[in-house]
Every structure is written in C-alpha cells, then in structure tokens.
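Open the model in your viewer and keep the selection tool at hand. The stops below say what to select and what is there.

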Amino acid sequence: MSSRRFYTGDEQGLVKVVTITELPVVKVKRVRRNQPAPEAPTKPVPTVETWGAPDRNKAVQLLCWDHEKKHLVVARKNGLVQLMDPKDGAVISEFQHTLGKDNKIDNFFVGLFANAESIITCVNTGELTVQSIQDRTKSTVVNVGKDICRMRVHPKEHHIIATAGKEQELTIWDLNVLCRDPSEDAEPQAETIKGKKRGKNGKAGSIKESSPSTAGLGKKANGTSGPEARYKSKEVLARGQLFKAKNVKNDHLDLRVPVWNTELQFLSHFDFSRIAVGTRFHQIRVYDIKNGARRPAVDAEVGEMPVVAMANGRDAGEVIFSDTVTNVYSVDTLTGQILGQYKGFAGVTTALETFTPFEDDEATHLVSVAMDRCLRVHEMSKTRKLLHKVYLKQRMTAVVVGEYTPVEPTEDDEEGGNSRSKKNAGNDDENDDDLWESMGKLEDKKSKKRKINKE
Amino acid sequence: MVEINTIKNKLKREELYQKQKNAKAKAKRDRRTVLQKEESSNPEKKEKRLTENVPNTLENTREFDETIVEDDAEVAADEETDEFAQYFQNGLAPKILITTSKGPSASVYEFATELVDIFPNTHFVKRKAQFEMRHIIEFSKNRDFTDIMVINEDRKEPNALTLIHLPNGPTAHFKLSSIALSKDIEGHGRTSSHKPELILNNFNTRLGHTIGRMFTALFPHVPEFQGRQVATLHNQRDFIFFRRHRYMFKNAKRVNLQELGPRFTLKLKWLQKGTFDRKGEHEWMFKPEMETSRRRFFL
C-alpha cells in the first residue's frame, strides 16, 4: 500500500503531518450472479503526527517547501520563519522578522517562497524580504506597495514575483533588478542601451531619462520598442517592474471599478505569461502578458462572495478557488465559466493544492484544509468525489503536499494474491518462470485425465 | 375466526372491530396491572426492565461523529486561549447589548424585553437606521460590551438571532422559532433580578463546545442561589431549547418547578470567525446538502 504525506499548519501554531495510505488499486472482476460480491477492503485510518506546542502567537500563516523538498518552511504569526526537517519536525534554522501593527491589527505574511539559497517573504505592508539561508546577515528588504494581499514567486524562474492587493493591481517584478543597489544599477543599464540602440539617439535618450525604472523591461521588450510605446498611458513602470496591470474599464454607470485582489496564481510552470487573479468582488481574472494588454484577457464574475484561496487545476486551463461561504469551485481560465463545484465543506477552505497521487498516473487530486478543522482530499475527475476527510482538531490555515511512499515490496509477500502480481511486474524473469510453471502443471493434469480415460 | 375486513355489512364490521379493539386494550391493561403488582413487590425487577428496555431514538442511534470532544488535551489547550478566554480565564463580567433589525415591529420589542430580563447586565438600544452593524460593533467595543444580540424579524415576527462576541468574535447566527412569551405561559412565575443559574445540555462536538461556551459567556460567573432561578439551554437534534424555571423545595426529597418563561428555540445557521462581517470567513455554515441523514447532528 502506498502512502502520501501532507503537512498542515493551524492557528495554534502546530504543524501536523497527515499520512494517508491509499489502497492498492484492485481491478473489479466480473462476479457471478449467485456469488456474494467480494468484500471491499477496509479503508486504512490516516495517521496524524503533531509537532510543536500550542501557542496562538506562533500561529502558522504560510507553509512551503524549499528547493527539492529538503526542508519545510513555516511562516508564523509572530514573524518567525522556520526551516523544519520534514522527517521529525526539528527546527534547522529560523529567521525573525518584525511584523508590527497597523491600526491595532497585526501585520501578517502574504507570501512565502524558498529555494536553495534564500527565503522570500512578503508582509501585507508590502515589505518584501529576501533572506539568504546560509548567510544570516545577508538580507535585502524592498517595498512593493502597501496593502498587499498575495505575493507569489514563479515556480521555475525564481526571480519573477507577482504581487496584488487592495487597490494594488497585479504587478510582476524582477527580483534581480529589484534587489540590486540603485547606484550600481545605472551603469549596466547604460551599457545595454549603448549596445543595442546605438545610432537611435533620440530614443535611447528618452529611455535614459526615465532610466532605472525601465531596467526590468529593457531585457524583455528589447528590440521591439521602449516601454513608453508599449504602454500608451503616461504611467511608467517603476524600477524592477516587468508588468503592471491596469484596472478594468468603468462600469455601465461610468464609475471606477474598485480593485481588491485577494489571491493570484501562475498558470504555467514554464513561463509567466498567464496569471489568474481572484478578487474580493468575486471576479476571476486572467492576465495574458504576452499579448501586450494590461487589462485582463478574461474577467468573469463567479459566485457571490470574496475569493479566499486559489490553486492551479489539472492544467493551465483550470483554476480552483474557494470563497468565504465554504464553496469550492473549479473555473475555466479561457472562458471564465464554472466547471463544477467540490462538495463536502462545512467551513471556509483556507488553502488548496493539487497533486498527482501516484507518480506514474495521470490522475490528479485536490487537497484542502478548512476552518472546520478538516483536511480533505478530492478526486479531480468528473465526479469530484471526496476521497479522504481527516479531522485535525484545529482551525487549519495552510497545507503542502509531502512525499509519496510507493508500494513496499516486503509487505507484499505476506499479502499474496493481487499484490503478488504487482511485485512480479518488477522483475520479468521470475514472472516468466512462474507463467511456464503454471502452464506445465495444467498439462500434467490433462494428460493424467487422458490416461485415466484411456484406462 | 372471520377476518373483520372481509365482512360486507358495515354495521357488523364496526361492531366486531370495536369488540376486538376493546379486548386488546383490556389485555394490555391486565398485563400492565400484573406487571405493576409484581414490580411493586420486587423493585429490582422494575429497575431491570427500565435498564434493558431502551427504545431506539434518533439521538442514541446518532451517526458517528469524530469531532465529539472527550478529555482531549489539545482541544483543552485550544479552548484555554480562544476568544472566550477573557470570560473563562480572566473572569471578565459579561455586558450585553441587545438591539433589533432596522424598523422593528412591536413583537420584536416584546421579545427584546424578555431577553433583557433573562440576561443580567444587558442594555437594550433602539436601532437607528443610520447605523450599520459595523458601526454598532465599534461603538460597543468602545463601551466595553462583551456581546451584542441582534433580533431579526420577518413578517413582524422575530425569526433570527445573531450573537456577536466582542472584541474578536466569533459571530453565530441562529434561526429563532417557537417563541412563547412569559405572559402566554399558563401559571408562569414572576422573575426576580437575581443572577440565574445555567444548565447547558448536550453541547458535545467541537462546534457544540464553541456554541456552549458562547452561551456560557452571556451569564455572570457566580449565580445568586437565593433567587432559585435556572436558565436552561438544552440541545436536542441540533435544536437549542431555551427554558427558564424557578425551583421550589417541597421537602428534603422533592422539588417543584415553576416555569418563568419565555420559551424559544434556536437552530444554528452559521458561525463566523471574527465579528460580524457580511464578507467575513465562515467557520461553519449549514447547507442543505449536509443533511444527509436524520441521524446526523452537528452540535
């Protein structure tokens, strides 16, 4: 039996490890009419392991994996960011951030990411920190604007980050430019301009004037035209920005549409051209950066309540989001239509993630944790069946998918039967031998019978 | 013997049916008198019968619920520091504000008067149309209120009760039904201003615990026993029944109860984290799809 681990965080500051054991896939044989149906094997009980002591000040706000899932990164309410060993929950190293308060309300983490070298965190005040893991003293703090509701880092290109928030349009930043010292920045900038645009004096000059601000886009939009030409409005991208979205057109009363993005997600692992954004005003918007438009390519109103959490679907054509009245919908990112709803939730789903349950299989599952203190696993097929539900005793805030333990060969010998054939699939020689042996026996029997008949 | 329903004469059929019915009733009566005599001489037998003969009800055949709390250290630690810790740990006395929906009708005022009578240290405030809930919550926080109760009405009858715990929530919304005011209860007693005792029944699940704690935090810590008044919140099949009585000792063994009123029934519709916010996050929400069985309960 294979098993999958999930790591969850909750309001009490506990990190729980949920191990769900999947039953071996049994092919249903055709049963004769009068024979009793074969008994369904009993569902194995998920095991829960708890790390840490209850403390509300240490409430887990975000969880993520670092490079190659070596460490679990935990962002806590008191500003502590910890690196944990996913095997026994030992804290390997920790970094203290000061979060502070705004209007008596504690600031909180809105984004967390880690790779082999550094941890990237973002607070709702817009304070983005790049903390080196090896060198504790080495950290860069930049501001990406106030009232940020979500920051995400592109899963493959770690220097691309996206932010969005209250009255903060979706913005894509280039960390390489953003973290560089502005004084250093001026020189290489000038060089690139010299190299590329020598001769076109007028244009190069105009870029120079608005200089460090266009540094990020300089690489991407090279050759075609300057950013001013691309964006017709007078708004110029700030330093380090690759893209800044523009508010949708005024409504039918010609009133400005308020902006309050609550959640965003990169749709593709390979490039950052398509990004889905969920808003407090229950819209799902998809920005297509490649086609040059700053307004969303898809803008659809779905449901009736603010978007809380969002996850990628089976492919780039689907996102899954939850709202504040405990609904979880799957939405088509090309048309903005609701594809279906996942059922079984009693509280708000605070975190969602999709994963492939078996490494060689194409099927995907959806894991979610909710305020009703449960972790749920849904099938992402047409039926959207609830596969597992684990009661975890706390209001959950974060979940990540852990490692997959495949079928253990030692167990299989005892079980025999169905699993035995699985084991044999691994080594072909034995398999063949068995086959020939069994055939040999059959012939013996027949020949015996014949002998008897002859006699 | 002839089957009664095959007789074609209606009068005859009726006559025979009545005879049969009487005979059955007599047999039952006789059986019971015999049993009663036996049991009066032998009380052990009665005890045995009562312990063995337990009828199946929806409650005792309830579907298994893993969230039922039984001496759990983790849940205890959770409750120690939850939103009600100010009341339970630090002994903060409750101070309640009762108000209505906008433009209330007479029956809502009547019900509000009864609620003011039930909970000590409550203040009724007339709802002004210019104040939204978020304003009222802010004002109440500034004035050190610990709870807000909002009575909602439909067709001039109270139909919902919203309970907001201050300053950090949670907010619970109940459907309100079967209201009987004190004056409608026959033989009701007069209430006194003593702090009542409180009985909470069957709040067993994790959600039930939260709701139970929420109700407990509405009453003062130490009741005034000389008042002999008891408020009861009894949960049965997710309906919370409110009753109020005065107990009167007849002698050392027997106690009489006098109902004080009012009576009403609550049913939880949703529980929200934090103070009331239309767009806030719901910790628990009832949906018709959750009603998969008559034996499934949430509180």
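Begin where the two chains meet: select the contact between chain A and chain B, to which chain A gives 21 residues and chain B gives 18 residues. Two residues are in contact if their C-beta atoms, placed from the backbone, lie within 7 Å. On the side of chain A that touches chain B, nine residues are nonpolar, five polar and seven charged. Here Ala, Val, Leu, Ile, Met, Phe, Trp, Tyr, Cys and Pro count as nonpolar, Asp, Glu, Lys and Arg as charged, and the others, Gly among them, as polar.

This is a predicted model, in which local features need pLDDT of at least 70 and side-chain atom pairs count only at pLDDT 80 or more, while totals for chains, interfaces and linings use all residues. Residues are numbered from 1 along each chain as its sequence is written, and chains are lettered from A and ligands numbered from 1 in the order in which they are written.

Next, colour chain A by pLDDT, the predictor's confidence in each residue, from 0 to 100. The average for chain A is 78, and 73% of its residues score at least 70. Select residues 187–229 of chain A: the pLDDT there is below 50, and the stretch has 44 contacts in the model beyond near neighbours in sequence. Residues 410–426 of chain A also stay under 50, with 13 contacts beyond four places in sequence.

Now show chain A as a cartoon; it has eight helices and 30 strands. Helices (H or I, at least four residues) and strands (E, at least two) are DSSP runs, numbered from the N terminus.

Select β4, β5, β6 and β7 of chain A, which form an open sheet in that order with antiparallel pairing. Strands pair if DSSP finds at least two bridges between them. β4 (60–65) and β7 (91–96) of chain A stand at the edges with a single partner strand each, so one side of each has no neighbour in the sheet. Strand β6 (residues 80–84) of chain A is joined to β7(A) by five bridges, and A:L80 stands opposite A:Q96.

Move on to the open sheet β14-β15-β16-β17 of chain A, also four strands with antiparallel pairing. Which strands stand at the edges? They are β14 (148–153) and β17 (241–244) of chain A. Five bridges join β14(A) to β15 (residues 160–165) of chain A; find A:R152 opposite A:A162 there.

Finish on chain B by selecting residues 94–277: the 18% helix and 40% strand of this stretch lie between end C-alpha atoms 22 Å apart.
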